[in-house]
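Please look through the sequence and the model below before reading on. The paragraphs that follow begin with the chain as a whole and then turn to single residues.

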Amino acid sequence: MFIAEVIGSVIATRKTESLDGARLRVVQKVSPAGMKTDNYVIAVDVIGANEGEYVLVATGSTARQTDITDERPVDAVIMAIVDTWQTEGQVQYLKNDVGVAS
């Protein structure tokens, strides 16, 4: 599982039937210190995250353990929207708070 920022969407009008209706989002991994990395993943969004939000992403077989992704060819799923996180006693991100690193 990792923290990522939703940075875009993928539209695929032709895809396997089992993915019909699935929202595909481009997410950029973020380090625990809040720094964006050069790693990107396409994830199925099962919770309705918006662009610019920080999310938790599960990958591998774990990504297929939601009601929407069960038995589907999914390798990454957005499973939560992050409200806050901290490392070493320092708040790295606090949703909707001006002045805190985001």
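The model is a predicted one, in which local features need pLDDT of at least 70 and side-chain atom pairs count only at pLDDT 80 or more, whereas totals for chains, interfaces and linings use all residues. Residues are numbered from 1 along each chain as its sequence is written, and side-chain values use heavy atoms, with hydrogens and water left out.

The secondary structure consists of zero helices and seven strands, where helices (H or I, at least four residues) and strands (E, at least two) are DSSP runs numbered from the N terminus. Along the sequence this gives the pattern β-β-β-β-β-β-β. The radius of gyration of the chain is 14 Å, close to the 13 Å that the globule rule gives for 102 residues, so the chain is as compact as a globular protein of that length; the radius is taken over C-alpha atoms, and the rule is 2.2 Å times the number of residues to the power 0.38. Along the principal axes, the C-alpha atoms fill a box of roughly 45 × 25 × 25 Å.

Of the 102 residues, 36% count as buried, a term that means under 20% relative accessible area, with exposed meaning over 50% and partly exposed the range in between (1.4 Å probe, protein chains only). The chain exposes about 6200 Å², of which carbon and sulfur atoms supply 47%; such areas come from the Shrake-Rupley method with a 1.4 Å probe, and for residues only the protein chains shown count as cover. Among the contacts in the chain with a separation of 6 or more, residues 24 or more positions apart account for 50%, contact meaning heavy atoms within 4.5 Å.

Ile7 is in strand β1 (residues 2-10) and counts as partly exposed at 31% relative accessibility. Leaving aside neighbours within four places in sequence, Ile7 is in contact with Val26, Gln28, Tyr40 and Glu51. Tyr40 is 33 residues from Ile7 along the chain, yet their C-alpha atoms are separated by 9.4 Å.

Val26, one of the residues that Ile7 touches, is found in strand β2 (residues 23-30) and is buried, with a relative accessible area of 17%. With neighbours within four places in sequence again left aside, the contacts of Val26 include Glu5, Val6, Ile7, Gly8, Ser9 and Val10, as well as Tyr40, Val41 and Ile42. By contrast, the C-alpha atoms of Val26 and Gln92, which are 66 residues apart along the chain, are separated by 22 Å.

Beyond four places in sequence, Thr69 is in contact with Val44, Val46, Ala63, Arg64, Val74 and Val77.

Arg64 is likewise in the loop between β4 and β5, and at 31% relative accessibility Arg64 counts as partly exposed. The side chain of Arg64 reaches the backbone oxygen of Val74 at 2.8 Å, and, not counting residues up to four places away in sequence, Arg64 touches Thr69, Asp70, Glu71, Arg72 and Val74. Arg64 and Ala76 are twelve residues apart in sequence and 8.2 Å apart in space, C-alpha to C-alpha.

Glu71, which Arg64 touches, is found in the loop between β4 and β5 and counts as exposed at 71% relative accessibility. Although Glu71 is not a glycine, it has a positive phi of about 65°. Glu88, in the loop between β6 (84-87) and β7 (90-94), has a positive phi of about 50° although it is not a glycine, and Glu88 counts as exposed at 84% relative accessibility.

Note on methods: A polar contact is a pair of N or O atoms within 3.5 Å; within protein, one must be able to donate a hydrogen and the other to accept it, and residues adjacent in sequence count only if both atoms are side-chain atoms.
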